[in-house]
Amino acid sequence: MLSINPKMLPRLDELEADLLACRQRAVDEGWRGEVEGLDLTLRFLGSKRAQAHRAAATASVDLGMPTRPRAGR
């Protein structure tokens, strides 16, 4: 699954605004199939935004650099 970097949240807001404008045009033009597709995309965008918020709230863990055992030991 594609993970969203929390730094990209402002870009998600821009995408949502564009999708909402496209959805409004589709409603005005009577393009029912397009409205359904845009609604689905907006739902997915909302779940990605929630995922990014969860990632921002979770502290990162430093696992350090892995080492390999030396030969002969």
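**Briefing: helices α1 and α2**

Leaving aside neighbours within four places in sequence, L42 is in contact with E16, L19, L20 and R23. The model described here is predicted. L42 is one of the α2 residues that meet α1, and L42 also belongs to the largest nonpolar core.

**Helix pair**

- Helix α1 covers residues 9-29 and helix α2 covers residues 32-57.
- The axes of α1 and α2 come within 10 Å and cross at roughly 165 degrees.
- Angles over 145 degrees count as roughly antiparallel, and α1 and α2 are therefore roughly antiparallel to each other.
- The crossing of the two helices is left-handed.

**Contact between α1 and α2**

- On the α1 side, the contact is made by L9, L12, D13, L15, E16, L19, L20, C22, R23, A26 and V27.
- On the α2 side, the partners are E34, V35, L38, D39, T41, L42, L45, K48, R49, A52 and H53.
- By type, the residues of this contact divide into 13 nonpolar, 2 polar and 7 charged.

**Nonpolar core**

- The largest nonpolar core has 10 residues in all: I4, L9, L12, L19, A26, V35, L38, L42, L45 and A52.
- The elements that give two or more residues to this core are α1 and α2.
- Helix α2 gives the most to the core, with 5 residues.

**V35, a core residue**

- V35 lies in helix α2 and is a member of the largest nonpolar core.
- The relative accessible area of V35 is 13%; the cut-off for buried is under 20%, so V35 is buried.
- Not counting residues up to four places away in sequence, V35 touches R23, A26 and V27.
- V35 and L20 are 15 residues apart along the chain, and their C-alpha atoms are separated by 9.9 Å.

**A17, a partly exposed residue**

- A17 is found in helix α1.
- With a relative accessibility of 44%, A17 counts as partly exposed.
- From A17 to A57 the C-alpha distance is 24 Å, with the two residues 40 apart in sequence.

**S60, an exposed residue**

- S60 sits in the segment after α2.
- The relative accessibility of S60 is 74%; exposed means over 50%, so S60 counts as exposed.
- S60 and E16 are 44 residues apart along the chain, and 28 Å separates their C-alpha atoms.
- E16 itself is among the α1 residues that meet α2, and E16 is one of the contacts of L42.

Technical notes: Residues numbered from 1 in each chain as written. Predicted model: local features only at pLDDT ≥ 70, side-chain atom pairs only at ≥ 80, totals over all residues. Heavy atoms only, no water. Axes fitted to C-alpha atoms, helices over the stretch in contact; angles between N-to-C directions. Helix = DSSP H or I, 4+ residues; strand = E, 2+ residues; numbered from the N terminus. Parallel < 35°, antiparallel > 145°, perpendicular 65-115°, else oblique. Left-handed = near helix turned anticlockwise from the far one by under 90°. Contact = heavy atoms within 4.5 Å. Nonpolar A, V, L, I, M, F, W, Y, C, P; charged D, E, K, R; others polar. Buried < 20%, exposed > 50% of the residue type's maximum accessible area, 1.4 Å probe, protein only. Core = buried A, V, L, I, M, F, W, Y, C linked by side-chain atoms within 4.5 Å.
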